[in-house]
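Keep the 3D view open as you read.

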Amino acid sequence: MKAITMALPSKGRIQEDMNRFLNSAGISIIRDGDQRTYTGHIKEFEDIKIRFLSANEIAMELLAGNVQLGITGLDLISELDNKISKEVIILSKLGFSKADVVVAIPNSWIDVSSTQDLAEVTRDFLHIHERRLRVATKFERLTRNFFNEKGINNYRIVESTGATEGSPSAGTSELIVDITSSGKTLEANNLRVLNDGVILKSEACIFASKSLNWDKFNLNPVEKLLRTISARSEAINKVEMLFEYLSYDDSLELDLFRKFNGIFSGGTPNLGDAVSLITPEKKSSSCSQYLTSKGYGPIRINKPNLIYFNIDSAWQKLKTEIDL
Amino acid sequence: MKKNVNDIINSLGGTGKLANLLGVNPSAVSNYRQKGFPARLHLKIAMLCEERSVQISNDVLEGMTVPKIIKTNPKEYLSGTSLSIVKHLSTGGFDLIDPPVIVSADKVLDRMGENSADRLFIFSDQEGLRLCLRPDLTIPTCLYYLDQGFTGEKKLYSYFGKVFQLRLDNSSGPSEYSQAGLEYIGKQDQLASEIEIFHKVESSLRSEGLKNYHTFMGDVSLFSIFLDVMDLPDLWRKRLKAKYWNESDFKALLEDLSFKKSVDNELARRVFSLDRESATDLVRRSLGISFEATPIGRSVEEIMERLRQKGEEFSLQPLSKVTVNLIKEFLSISDKPFKALDRLRLISKNLDSSLLRQIDTAKERLEKIKELGVNLDKSEFSSEKGREVEYYTGFLFDFVNSQKGKSIHLGGGGRYDNLIRSMGSKTDIPAVGAALNMENLEKALSLRLLQ
């Protein structure tokens, strides 16, 4: 039985975010030798080997089947993996390094707000300038698929691997497709996202490669690792609200779910139970207001570190995909 | 027989033209007049002379003649069906050429649009120039025409060779196959050149003994002229023409135009209410830029014009039900060719005579096709044929063989008058061409033998 290899980002913001994520999950990554090596292991799961690569290399190595598992950005996998072949599967979204791949145009194009507008402008542009509008991007495939879907064909892609946001003001393109988390760089470069210009909502995910013989590998530690990672990703950006269920309300459970994506971790409560409600962090204040208005309280809010569900969807997904 | 450098330069079009052909400064060509051609240009000059049938004496280019490999024509390597098809196509003045297999990816994408990049084999050379394997033979043939320095002269070409298109789903055929075809480029009688191309391809099928095929015809200029003569606001006309190439978008647009719009863009409304100069000022002020400054990528005037259009949209009356229905009816006609044209004429009888003339031209074309002996019972004319890809500008046709319930696309072609301009020509150069898919043709022929 061979040991599984998992690729992890070796630099950048995604690495910092990931270290924080794994630490909170109680997973310690140890580099072999000193800090400059590119291999390592996990203290808690010794049968899993680690390779440290750039986020982009991880996407390529997953696609080639050179590593079995990997943590990288959804944007990079979507750009590389052919829609039809799907060599790489998402096991779980991890909730960090969130960013959007977007179409951004110069602020001064006040006549353009949607992709529909852009389609018209690309056509006019071709007639006026006798050349096609240029889109600077490193996401060539995502751009083509999205533009194709929106009926835009009168454009040309200009490959750009760095400082894409500066391209329009430098005169090397008219608009861009790029990844942005806060939008501040776009703003600083006088660019604006089209109303319907979000191509992909990306975040860090754990992926598995389909293009290899999984049965040669020792999968025992994988189930445990995935459960721990899922438990952390379930807990990230979530809060637990604790209160006592003192007055009966048979629509409460459904309302909490509909309005706040809230779920009772212990199932439907009985009168007098101390209940635990899990909701997204950003809904915690409106949810607690709702609960107090219904007469419940006091409400204590905790930040859980890990939430284990009895069935782990990441592991289930891997099992189905590799036919175990 | 041209004996000296001056004679050769003059017969190749003079200093300026030759400078253009060679990609050098005119002053360099004046220099050659004095000192003779430098050795590195001998081959190029020899090729230019041969292409234009300018006879030169041996000593001017120090004995340089065009090497055999460049003159070699593909015919020498062919056998069987391919050879007889190519022989058939390359008679009657259609020079058999061997255009480059590797072409500039940018030129191809300029023509085909960025979305086709997924289907091309693109790679870079050492200098970072993006190249690709030719996806068809029409584009390299037109590039060959331009490379020769022609700007509208009549040229007839035939070709044979492999083309390369990546299949995305691995199921719909191979990524490389052979094409044999024709291009009629430059000065031409529109109808005569179309008939000639159609006839050559159609008769080559028949000469192979293939009779069991259907001909599907169309003419995209008919709908374009139909929209021109309809009583429509220019803006609607422009948008309908733009969306024509995407059936579902077109349907959605027709629907959209049948409803009155409410103003949702105050700036657009104001821009439309002003004269162009004041409107430009207003846009400038809204952008907060000075008189000299230009916004990124597009001029203030461009932005103003488009805002005007948006503003105008809200002032326009929606399309009437009658108009919408007429457009739908016009596009729905698909029938035996003569019957289809008669039906189009009937629908159009109250419209401008320019449309009727165009329908009559299509009918005249059909008469000539009938005279060639084409079985029109196995033919169909559709008013919306050709709208899947924005490519043809007029007459177009396809030959489809059906045997044992299987349809095999044998080939087709048509008119594309804006093709060469989109590849770098300063002016529109008329062009009509057609190609046969040789693998499919062989398949159809062998299926026929099995029966």
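Start at helix H13 of chain B, residues 266-273, where B:Glu266 and B:Arg269 sit three residues apart, about one turn of the helix. This is a predicted model, so everything here is read off predicted coordinates. The two side chains meet in a salt bridge, at 2.6 Å from N to O. How accessible is B:Glu266? B:Glu266 is partly exposed, with a relative accessible area of 44%, and B:Arg269 counts as partly exposed too, at 35%.

One network, joined through shared partners, takes in A:Asp111, A:Asp117 and A:Glu120 from chain A, along with B:Arg239, B:Arg298, B:Glu302, B:Arg306, B:Lys310 and B:Glu313 from chain B. Over all chains, the structure holds 46 salt bridges.

Now move to helix H9 of chain B, residues 190-207. B:Glu202 and B:Arg206 are four residues apart in this helix, which means that about one helical turn separates them. They form a salt bridge whose closest N and O atoms are 2.7 Å apart.

B:Asp219 belongs to strand E7 (residues 213-219) and B:Arg365 to helix H18 (residues 353-371), so the pair ties together parts of chain B that are 146 residues apart in sequence. B:Asp219 is buried, with a relative accessible area of 1%, and B:Arg365 is buried as well, at 2%.

Next, helix H4 of chain B, residues 42-51. Its buried residues are B:His42, B:Ile45, B:Ala46, B:Leu48, B:Cys49 and B:Glu51. And what do they pack against? Helices H1 (5-11), H2 (14-22) and H8 (138-147), plus strand E5 (155-164), all in chain B. After H4 comes B:Ser53, which has a positive phi, near 55°. The loop between H8 and E5 holds B:Gln148. That residue is buried, with a relative accessible area of 12%, and, leaving aside neighbours within four places in sequence, B:Gln148 is in contact with B:Leu21, B:Glu51 and B:Arg52.

Step back and take in chain B as a whole. It has 19 helices and twelve strands, and its C-alpha trace spans about 75 × 70 × 45 Å along the principal axes. Of its 451 residues, 49% are buried. Among contacts between residues at least 6 apart in sequence, 67% join residues at least 24 apart. The charges come to 64 positive and 62 negative side chains, with the centres of the two sets 2 Å apart.

Finally, hop over to chain A. On the surface, A:Lys93, A:Lys98, A:Lys282 and A:Lys317 gather in a patch of positive charge. A:Lys317 is placed in helix H11, residues 313-321, and is partly exposed, with a relative accessible area of 40%. Elsewhere, A:Thr185 lies in helix H7, residues 184-188, and is partly exposed at 43%. How far is A:Thr185 from A:Val275? The two are 90 residues apart in sequence and 44 Å apart in space, C-alpha to C-alpha.

Methods:
Residues are numbered from 1 along each chain as its sequence is written. Chains are lettered from A and ligands numbered from 1 in the order in which they are written. This is a predicted model: local features need pLDDT of at least 70, side-chain atom pairs count only at pLDDT 80 or more; totals for chains, interfaces and linings use all residues. Side-chain values use heavy atoms; hydrogens and water are left out. Patches are made of residues with over 30% relative accessible area and no salt bridge: like charges are joined within 9 Å, nonpolar side chains (Val, Leu, Ile, Met, Phe, Trp, Tyr) within 5 Å. Accessible areas come from the Shrake-Rupley method with a 1.4 Å probe; for residues, only the protein chains shown count as cover. A salt bridge is a side-chain nitrogen of Lys or Arg within 4 Å of a carboxyl oxygen of Asp or Glu. Lys and Arg count as positive and Asp and Glu as negative; His and the chain ends are not counted. The place of a charge is taken as NZ of Lys, CZ of Arg, CG of Asp or CD of Glu. Helices (H or I, at least four residues) and strands (E, at least two) are DSSP runs, numbered from the N terminus. Buried means under 20% relative accessible area, exposed over 50%, partly exposed in between (1.4 Å probe, protein chains only). Contact means heavy atoms within 4.5 Å.
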